[in-house]
Each structure stands twice: as C-alpha cells, then as structure tokens.
Amino acid sequence: MAMDTPPRWDRRMQQRLARGEAAALGELYDRFAALVHNLAHRVLDDDDAADQITREVFGYIWENPDAYDPKQGNLRSWVAKLTQRQAVHRLRQAEATAYAETGRGSAEELEQKVRRASVAARADYIVTSMPTPLRAALELAYFQRRDYRQTAADLGVTEDEARRRLRLGLQLLSSANRTSDGAGPPGYGRAL
C-alpha cells in the first residue's frame, strides 16, 4: 500500500543523496548495510557474493537516488527489494552458468532453487521488520514451542491479545510465499 506521506527521514535522505552528499550515503550504509548483506547472503549462501551485492546496491543508490519514490513505500523496503532482486539475479546467473558447464539439473530445478532462496530472504526481511510485539510472540511460539496461553503469560498480555499477535504475525509471514509477477511500482523491479 502506498503511503501518502513518507517518513521524513526517507525524504530527507533521498534529497541529500540527490545533492550528492557523501555523508548521506555513509549514514544510509550504516543503517542498512547489515540488512542488505544478510538478505544477499540468505539468497546466495556466500559471504563474498553478499559483499559484492552490498557494494552494488549502495553503488546503485548513490548513482540513482531518484529511482526511489517515497510515495511507493519506505526506503528500507526499497533497499530490501533492490537487494533481493539483485541477489536473485546473481543466483540465477550462477546456476545457469553451472548448468551450462556441467549439464546437470534443469531449468525447473533452477527456478525452484531461486524461488526457495527468494522466499527465505523475504521471510527473513518480514520477521526482522515486523513490530517487536508480533516478533516476540512468534519467537516464543516457534522457537520455544509455546502455545498462545503460554505466550500470553510470558508476554504479560491477555490470551486474546496473544492470539491476535500470533495471527497477525503469521499473516505477515505468509505473504513471503506469494509469487511476484514482477509488476511492482516503477523502479522497484528493475535490475541494477
């Protein structure tokens, strides 16, 4: 859902980048480098490739600050989407090259691998981006095997509130598995 008024920090950051402020890029890097690297690593399972994707994403942002449209969503989501697209593109290239060299595998297997990596990266992003109360409820339920009653007691909330948090968290997480037809907002789906 597009936001009518993007966060002030996002607008200011885009303006600073458009003016060519190197300090803005440093601030953006400090804020999102771990996100970019972790998402790229989740898709590629390779530290060196994740480092390269991180450099490419921030290089693209520096060279194309106007590619971000604050009316389409927040800067964090845009950076994550750029990262996911670039990492999936890199994975697809690497797997296609390996297929061409060895002749093992198929186009369907390649697409399945790319899809699994993409879904896993999106799920990681959703979990790290969701509000703390929802994330805490899901972590208790999933990692510590708590039911909603135990989760409510651990969080100090009512059982109804625990169920609501778990349901909403799971709904958000389920969106990671939805297929993307590539028809996103302008600038959000272009390869770097």
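Me: Happy to look at this one with you! At what angle do helix H6 and helix H7 pack?
Reply: Helix H6 covers residues 132-143 and helix H7 covers residues 148-155; helices here are DSSP runs of H or I with at least four residues, numbered from the N terminus. This is a predicted model, in which local features need pLDDT of at least 70, side-chain atom pairs count only at pLDDT 80 or more, and totals for chains, interfaces and linings use all residues. Residues are numbered from 1 along each chain as its sequence is written, and side-chain values use heavy atoms, leaving out hydrogens and water. With axes fitted as lines to C-alpha atoms over the stretch in contact, and angles running from 0 to 180 degrees between N-to-C directions, the two axes lie 10 Å apart and the packing angle is about 130°.

Me: Which term describes how H6 and H7 lie to each other?
Reply: Angles under 35 degrees count as roughly parallel, over 145 as roughly antiparallel, 65 to 115 as roughly perpendicular and the rest as oblique. The angle for H6 and H7 is about 130°, and the pair is therefore oblique.

Me: Which residues of H7 meet H6?
Reply: On the H6 side the contact (heavy atoms within 4.5 Å) uses Ala-136, Ala-137, Leu-140 and Ala-141. The residues of this contact divide into five nonpolar, one polar and one charged. From H7 come Thr-151, Asp-154 and Leu-155.

Me: Is Thr-151 buried or exposed?
Reply: Thr-151 sits in helix H7. Setting aside residues up to four places away in sequence, Thr-151 touches Ala-137, Leu-140, Ala-141, Arg-146 and Ala-162. Buried means under 20% relative accessible area, exposed over 50% and partly exposed in between, with a 1.4 Å probe and protein chains only. Thr-151 has a relative accessible area of 0%, so this residue is buried.

Me: How is H4 oriented to H5?
Reply: The axes of helix H4 (residues 75-102) and helix H5 (residues 107-129) come within 10 Å and cross at roughly 160°. That makes the orientation of H4 to H5 roughly antiparallel.

Me: How many charged residues does the contact of H4 with H5 have?
Reply: The H4 side includes Arg-76, Gln-84, Val-88 and Glu-95, while the H5 side includes Glu-111, Lys-113, Arg-122 and Tyr-125. Ala, Val, Leu, Ile, Met, Phe, Trp, Tyr, Cys and Pro count as nonpolar, Asp, Glu, Lys and Arg as charged, and the others, Gly among them, as polar. By class, this contact has eight nonpolar residues, five polar ones and, as charged residues, six.

Me: What is phi of Asp-45?
Reply: Asp-45 is found in the loop between H2 and H3, and its relative accessible area of 64% makes it exposed. Most residues other than glycine have a negative phi. For Asp-45, which is not glycine, phi is positive, near 55°.

Note on methods. Helices (H or I, at least four residues) and strands (E, at least two) are DSSP runs, numbered from the N terminus.
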